[in-house]
Amino acid sequence: MITLRGLTKRYGARTAVDDLTLEVRPGAVTGFLGPNGAGKSTTMRMILGLDRPDAGTALVGGRPYQKIENPLRTVGALLDARAVHPGRSARAHLLALARSNGIGRARVGEVLEIVGMDRAAGRRAGALSLGMSQRLGIAAALLGDPAVLMFDEPVNGLDPDGVRWIRRLMRGLADEGRTVFVSSHLMSEMQLTADHLVVIGRGKLIVDAPLGEVVAASAVRIRSPHAGDLAVRLRAAGVEVSRTGESQLVATGASTERIGDLAHEAGIRLHELSAQEASLEQAFHELTADSTEYGSRV
Ligand SMILES: Nc1ncnc2c1ncn2[C@@H]1O[C@H](COP(=O)(O)OP(=O)(O)OP(=O)(O)O)[C@@H](O)[C@H]1O
């Protein structure tokens with residue numbers, strides 16, 4: 001479990017993370033989404049004790065990172081896959097990490113196998129492809145068999161096989177009851193991977209909800225020979241409506257049942273009434289529109 005309470009980080013006049021309060025729960029993949037510069041990496045760095053918050057707290061398993069005795073056994077993280085000594089072999093890198101964290105040598109072989117790197121273990125870290133570097137970073141994160149895992153943009157630069165592999169790995173880790181917190185700006189990817197979503201913009205929490213709830217923020221497509229009259233009626237009832245064609249409307253903020261009832265009360269015939277499930281991409285765009293606009297101005 002990761003617990004953030006009022007977590008805040010400022011860089012000069014800029015508030016990178018703004019009063020973030022949330023819980024990341026075990027047994028699920030929680031996607032951490034936001035436009036570039038939203039504050040995702042800064043939040044993860046504060047959880048790992050790499051950046052000091054200006055206010056608030058970040059706890060892992062109920063403790064601040066600095067107070068965790070064997071951090072690698074509690075929380076594993078992949079922040080920057082390239083942050084490995086380039087001259088060391090993958091195995092030597094993991095062995096050094098294991099030794100300094102009181103983890104037995106045998107576990108190194110296990111994690112190399114989990115990430116499918118047993119045959120590349122002798123290669124120098126600096127000579128690994130990005131995909132292999134990601135796997136090595138994940139092997140390091142898994143080394144202490146931690147209950148909490150954090151991945152910052154893990155699929156960046158990966159080929160489709162690598163992306164599928166990471167997706168399956170995260171699912172498996174969550175199914176084992178672990179807390180899996182993964183940042184991404186790829187909404188389509190999160191739609192396939194995450195159970196729960198945390199969306200931030202300009203450092204502020206925008207959404208903290210199950211994936212289904214975010215995606216179901218739906219629009220309703222309507223066709224009627226009296227679209228103009230119907231639009232007037234719907235707006236009067238507080239429904240947001242836009243006219244998309246001579247006889248077509250799209251309404252948001254009301255169910256098909258409500259729209260059907262309103263049309264019936266007004267005596268207006270309908271030729272189509274269908275719920276359009278918003279893709280996460282659309283939902284994300286709507287949710288973060290303000291913060292993205294702000295971002296592009298600065
Ligand atoms: N060390 C730093 N010094 C000054 N400003 C910083 C520093 N680190 C981050 N920032 C700023 O804080 C804000 C949040 O950055 P952060 O990297 O956390 O966002 P992000 O959501 O991870 O973005 P991205 O998707 O681009 O990685 C940005 O405006 C960034 O420029």
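Guide: What follows is a set of questions about a predicted model, each answered from its values.

Visitor: How do you know that the chain is divided into domains, and where are the bounds?

Guide: The bounds come from an automatic or database domain assignment. That assignment gives domain 1 as 2–209 and domain 2 as 219–277. Taken over C-alpha atoms, the centres of domain 1 and domain 2 are 45 Å apart.

Visitor: What makes a set of residues a nonpolar core, and which members of the largest one touch the most others?

Guide: The members must be buried residues of the nonpolar kinds, joined through C-beta atoms within 7 Å. The largest such core has 62 residues, and A139, L143 and M150 touch the most other members. Helix α5, residues 130–142, gives the most to this core, with six residues. For A139, the contacts beyond four places in sequence are L94, V111, L112, I114, V115 and M117. There is also a second, separate core of twelve residues, and V220, A227, V239 and A251 are among them.

Visitor: Why are the buried residues of α3 said to line one face?

Guide: Helix α3 covers residues 90–100, and its buried residues are A90, R91, H93, L94 and A98. Seen down the axis of α3, these fall within an arc of 160°, so they line one face of the helix. The face turned away from the buried side carries the exposed residues R99 and S100. The cover over the buried residues of α3 includes α4 (106–114) and α5. After α3 comes G102, with a positive phi near 65°.

Visitor: Why is R105 called exposed?

Guide: R105 has 11, so R105 is exposed. R105 is found in the loop between α3 and α4. Leaving out residues up to four places away in sequence, R105 touches L95 and A98. R105 and L95 are ten residues apart in sequence, and their C-alpha atoms are 6.5 Å apart in space.

Visitor: What makes the phi of D145 and of R202 worth a remark?

Guide: Phi of D145 is near 50°, a positive value in a residue other than glycine. R202 likewise is not a glycine and has a positive phi of about 50°. D145 is found in the loop between α5 and β6 (148–152), while R202 is in the loop between β8 (196–201) and β9 (204–210).

Visitor: How do you know whether D145 and R202 are buried or partly exposed?

Guide: The buried class begins at 20 other C-beta atoms within 10 Å, and partly exposed lies between that and the exposed limit of 12. D145 has 15, so D145 is partly exposed. R202 has 22, so R202 is buried.

Visitor: What makes β11 and β13 edge strands?

Guide: Each of them pairs on one side only; β11 is 240–245 and β13 is 272–276. They belong to an open sheet of four strands in the order β11-β12-β10-β13, with antiparallel pairing. From one strand to the next the twist averages 25°.

Visitor: Why is V241 called buried?

Guide: V241 has 22 C-beta neighbours inside 10 Å, and the buried class needs 20 or more, so V241 counts as buried. V241 is in strand β11. Apart from residues up to four places away in sequence, V241 touches A231, L234, R235, L249 and A251.

Visitor: Why is β13 described as hardly covered?

Guide: The count of buried residues among the five residues of β13 is zero. Helix α10, residues 256–265, lies across β10 (219–223), β12 and β13, and runs at about 160° to β13.

Technical notes. Residues are numbered from 1 along each chain as its sequence is written. This is a predicted model: local features need pLDDT of at least 70, side-chain atom pairs count only at pLDDT 80 or more; totals for chains, interfaces and linings use all residues. Helices (H or I, at least four residues) and strands (E, at least two) are DSSP runs, numbered from the N terminus. Two residues are in contact if their C-beta atoms, placed from the backbone, lie within 7 Å. Two strands pair if DSSP finds at least two bridges between them. Axes are lines fitted to C-alpha atoms, for helices over the stretch in contact, and angles run from 0 to 180 degrees between N-to-C directions. The arc is that of the directions from the helix axis to the C-beta atoms.
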